[in-house]
Amino acid sequence: CNDNKEYEGFCRLITSTISEQNREHQTKELKFNTEFVPAEGLGVKNYNWDKQDGYVVPKDRNCYTSYFFKPDDDSISVLEQFRMQGKRYTDTLDGGVALHCNLEDHPTKEQYIKLIDYAIQEGTNYFTFNIPNTQCDDCGFITKHPVDVCPKCGSKHTTQWTRIIGYLRPIKGFSKGRRIEAIKRIYNKGVK
C-alpha cells in the first residue's frame with residue numbers, strides 16, 4: 001500500500017469496477033456514486049459490521065478511512081500522499097475522495113504554496129491541511145501546536161483539537177473508535 005504501479009493498477013481496478021456498477025444500476029429514481037469520505041462514526045461502524053459479518057478486514061486498524069494509503073504509515077511522505085489521492089489513483093471515481101494532510105506544524109507561506117501547486121499538478125482536487133491545536137482548559141489560551149503544557153500559564157490541563165473528518169473537534173470528544181484512530185495518526189514534519 002504505497003505509491004507504485006502495481007498498487008495504482010489495483011486501486012484503479014477496484015474503483016473503476018465500483019463506478020461501472022454504480023452507472024449500471026442507476027435509475028431515474030436512484031443514483032449511486034462512490035464517496036470515499038466515511039462519516040465520523042460510519043467508518044468505525046462499517047468496519048465493525050464487516051468484521052461481525054465475517055468479512056476480511058485489516059487487523060492493524062479499527063476503522064475504514066478515506067485514503068489510498070495507510071494514514072499511520074510513517075514511510076509515506078506528504079508528497080506521496082498527494083500523489084496517491086490525485087488523478088492517477090482517483091480519476092475512475094464517480095464521487096469524492098479527500099486528503100487530510102496531517103502536519104506536525106504550520107508550513108510557511110511558501111511551503112503552503114508549493115504544496116498547493118503540487119496538489120494541482122497531481123490532480124488532488126479535494127484536500128485540507130490538518131495541524132493539531134491545543135487549548136488550555138484553565139486559562140483558555142490556544143496554540144497552533146500539539147503541546148501537553150500551556151505555554152502561557154504552565155497548566156497541564158489541556159485539550160488537543162484536530163480534524164476528525166471534515167471539521168475540527170477536541171480529540172476527547174471523538175467516538176471511542178475515532179479516538180483510537182486519532183492516536184495512530186502520523187503528523188508529518190512537512191516539506192522542505
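This report describes the confidence, the strand pairing and the cavities of a predicted protein model.

## Confidence in the model

The protein averages a pLDDT of 88, and 95% of its residues score at least 70. Among the elements of the protein, the highest mean pLDDT, 96, belongs to helix 5, which covers residues 109–122, while the lowest, 82, belongs to helix 6, which covers residues 176–184.

## Pairing around strand 3

Strand 3, made up of residues 133–136, pairs with strand 5, residues 158–163, in the antiparallel sense over four bridges, and within this pairing Cys136 stands opposite Thr158 of strand 5.

Strand 3 also pairs in the antiparallel sense with strand 4, residues 142–143, here over two bridges, and the bridge partner of Gln135 in strand 4 is Ile142. The hairpin that strand 3 and strand 4 form has five residues between the strands, and in this hairpin Gly140 takes a positive phi near 85 degrees.

## Cavities

Rolling a probe the size of a water molecule over the atoms shows where empty space is left.

Which residues line the largest cavity? Its lining consists of Arg61, Asn62, Cys63, Thr65, Pro71 and Asp72, together with Glu181, Lys184 and Arg185. Sorted by class, the lining of the largest cavity holds five charged residues, two polar residues and two nonpolar residues.

Note on methods:
Residues numbered from 1 in each chain as written. Predicted model: local features only at pLDDT ≥ 70, side-chain atom pairs only at ≥ 80, totals over all residues. Heavy atoms only, no water. pLDDT = per-residue confidence, 0-100. 1 Å grid on protein atoms, 1.4 Å probe; cavity = no way out; pocket = protein on both sides within 12 Å on 5 of 7 lines; lining within 4 Å. Nonpolar A, V, L, I, M, F, W, Y, C, P; charged D, E, K, R; others polar. Pairing = 2+ DSSP bridges.
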